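Please look through the sequence and the model shown here before reading on. The report that follows takes up one topic under each heading.

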Amino acid sequence: MFENNQHLRIKRAHEVCGPAARSFALIACGAQKGAVIWISERKNPEQLFPAGVARFCDPARIIFANAKSSIDVLWSAEEALRSGAASIVVAEVEKPMSLTAGRRLQLAAEAGKTLGLFLIPEGMGSNAAETRWRCSPQFDAKDSTLLYWQLIKNKSGTLGGWVVRWDEQARRVIVVSKVGERAGSARAPD
Amino acid sequence: MSLWFPRLASERVLRARPIDAPFALTQTQSNTQRIYCLNEQAEQQGLRKGMGFSDARALCPDLQTGLANPREDTRFIQTLARWTGRYCPWVGVDEDGLVLDVTGSTHLWGGEAGMLDDLHARLDRAGLTHKAGMADTRGAAWALARFGGGVAAEGEMLQHLGPLSVAALRISDEVCNALQRLGVRSIQDLVALPRVTVSRRFGPDLLLRLDQALGEHPEPVSPQADPVNFAVRMTLPEPIGLAGDVSAGLERLLERLCLTLTDQQMGARRLEFTARRVDQASSQIEVCLARPMRDPIRIAALFARGIEGLDAGYGIDQIRVEAVEVETLPLRQATHHGAQEGDSLADLITRIGNRIGLESITRCLPADSHIPEKSFTVSLAAYSQPAAQGAWPSTGPRPVYIFPPESIAGYAPEPPRRFHWRRMSFVTARAVGPERIAPEWWLDDPAWRSGLRDYWRIYTREGRRLWLFFTPQNPGWFVQGEFA
């Protein structure tokens with residue numbers, strides 16, 4: 001899914017929301033090479049668990065930055081995107097992002113040729129984002145690793161929805177949704 | 001000239017806390033507390049160095065004591081060595097004392113006696129017991145300082161040294177005892193003996209010491225090297241105020257500083273830039289580096305943001321850069337790649353770290369524990385290397401993220417069929433488990449007071465896949481992580 005950067009273009013800032021946003025970001029990290037900067041606010045009690053992260057990407061690649069405030073999260077994200085030292089920058093944002101902030105981050109990502117991923121609460125993104133994804137785990141009696149990825153905003157393409165499965169051995173995403181179950185069709189999962 | 005401080009350690013303590021009573025410092029030597037150094041009053045009570053502490057207390061019940069701190073003593077004698085630089089530039093540290101090569105500097109004090117008078121007066125005022133000996137050779141001065149005192153004029157060495165005991169020759173106790181047993185008590189007795197017999201009986205060391213004392217064999221004083229100072233400064237003829245001028249000055253200073261660092265094979269870890277303004281106020285910029293560095297161009301770039309925010313006031317007339325913390329950084333073969341891999345990442349860590357704190361930038365390293373929360377350690381990214389690939393132990397399926405356990409309703413050992421968590425209600429569709437994890441009994445971890453944990457992977461009909469655990473010894477259900 002991420003092989004040819006078709007949906008998640010590098011040099012751009014993207015937004016991800018939903019309960020499975022972290023696994024989406026980790027899968028994106030696994031698809032890239034190089035260091036990962038993962039910025040979150042210090043007061044956030046949820047932290048990545050390396051033993052679980054290892055299924056998606058090597059935890060040794062991730063450098064965590066625990067910022068004091070939400071402003072510092074955005075500041076560090078801009079700095080990291082602009083420097084281009086890391087191949088992917090993930091920031092957990094907890095407050096609504098303004099258009100100015102989103103645009104600045106977009107420009108920083110372009111300048112540093114870095115992929116920026118912003119994990120936002122539902123409905124709190126900025127209009128400057130290249131794409132916005134909503135990711136949620138999905139229950140299936142047969143398969144226990146299904147995820148539903150919905151592309152809900154796309155500046156340069158169409159929207160869509162995919163039911164995907166993470167193949168741990170092959171380390172790649174396998175799209176399992178059938179034609180009739182595409183987003184927008186009558187039987188699409190909600 | 002040789003200086004001897006027989007009560008250095010106790011006097012160092014007494015200088016800070018004067019006591020007019022018997023006082024001694026004790027040190028634990030092979031499981032006994034022994035007296036390490038004592039003052040004059042304690043010696044008058046019959047105490048001796050090396051005596052057991054309990055014996056000393058029995059002899060002198062009002063003895064006051066402290067713990068010996070040899071490291072501080074060494075530092076104190078280094079300070080004294082620096083101070084004696086006022087008499088001559090050539091100062092070396094001896095055991096319990098100093099050795100000064102005063103050749104050519106005595107005339108500044110009106111001769112040897114004048115210099116000694118001044119030295120005695122100043123050390124007495126400082127409250128330090130000391131003995132000084134002055135002679136043509138280092139060995140003879142040592143002997144005079146410890147076994148007699150005074151000045152041995154040129155060519156009269158043997159007259160002064162002759163009556164002293166053979167122990168004054170800096171020889172080991174065994175040799176000294178053996179000589180005493182043979183009836184060779186003073187140095188003149190030893191000189192009278194034929195050299196061949198002496199060296200056959202006692203080896204060459206004894207004669208070497210004798211020759212060194214009498215000046216037949218040279219023994220130079222090796223002076224203390226000046227500690228390297230990683231600081232440079234620049235005083236400007238005209239005050240400056242433009243950010244560009246300050247950075248230009250900083251670049252020049254960093255070039256000089258980095259040359260010193262390269263000479264010493266050191267790299268700066270923390271740098272402090274001080275700009276003194278014409279009104280005597282000064283402002284500082286501190287930069288903590290994510291890895292030891294000595295590249296002036298890269299360091300200057302890291303200061304750029306700080307210089308922009310600098311308040312120049314009426315103008316800056318002195319700038320100074322100091323490497324406050326340095327680490328060894330060996331020289332490396334230059335490669336045609338130029339910049340090293342990871343340099344840009346280290347610079348990024350430095351830049352972010354200087355805003356949110358270098359201690360807030362971390363990475364996870366594997367740890368040897370089966371407790372989930374302890375299966376990794378968080379270490380500072382600036383001071384650690386990433387774990388090797390495959391260093392992570394393989395465990396059962398683990399969640400992507402965890403949080404402190406959050407309690408949910410339910411007391412039965414079977415997984416709840418429906419439950420509420422974070423104001424959401426869930427219906428359990430499938431439960432996989434249990435995986436029992438026992439607390440580490442050798443550690444008292446407050447989070448694990450509730451005893452064993454049975455971990456379950458709960459697949460809910462709503463989609464969320466949660467990591468729950470049940471505590472059988474203290475019935476209750478908790479959510480600790482999520483798998484997606």
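## Domains of chain B

In this predicted model, the C-alpha centres of domain 1 of chain B and domain 3 of chain B lie 52 Å apart. The domain assignment of chain B places domain 1 at residues 232–354, domain 2 at 361–394 and domain 3 at 401–482.

## Where chain A meets chain B

Between the two chains, 41 residues of chain A are in contact with 37 residues of chain B. On the side of chain A that touches chain B, the elements giving two or more residues are helix 1 (21–31), strand 3 (47–48), helix 2 (50–53), strand 4 (62–67), helix 3 (70–83) and strand 7 (131–137) of chain A. Sorted by class, this side of chain A has 25 nonpolar residues, together with nine polar and seven charged ones.

Strand 3 of chain A is also joined by two bridges to strand 15 of chain B, residues 401–408, and the two strands run antiparallel. Within this pairing, A:L48 stands opposite B:Y401 of strand 15 of chain B.

## A helix crossing in chain B

Helix 6 of chain B (residues 138–147) and helix 11 of chain B (residues 204–214) have axes that come within 5 Å and cross at roughly 90 degrees, which means that helix 6 of chain B is roughly perpendicular to helix 11 of chain B. Helix 6 of chain B makes the contact through B:G139, B:A140 and B:A143, while helix 11 of chain B contributes B:R209, B:Q212 and B:A213. By class, this contact of helix 6 with helix 11 of chain B has three nonpolar residues, two polar and one charged.

Definitions and conventions:
Residues numbered from 1 in each chain as written. Chains lettered and ligands numbered in written order. Predicted model: local features only at pLDDT ≥ 70, side-chain atom pairs only at ≥ 80, totals over all residues. Domains from an automatic or database assignment. Contact = placed C-beta atoms within 7 Å. Helix = DSSP H or I, 4+ residues; strand = E, 2+ residues; numbered from the N terminus. Nonpolar A, V, L, I, M, F, W, Y, C, P; charged D, E, K, R; others polar. Pairing = 2+ DSSP bridges. Axes fitted to C-alpha atoms, helices over the stretch in contact; angles between N-to-C directions. Parallel < 35°, antiparallel > 145°, perpendicular 65-115°, else oblique.
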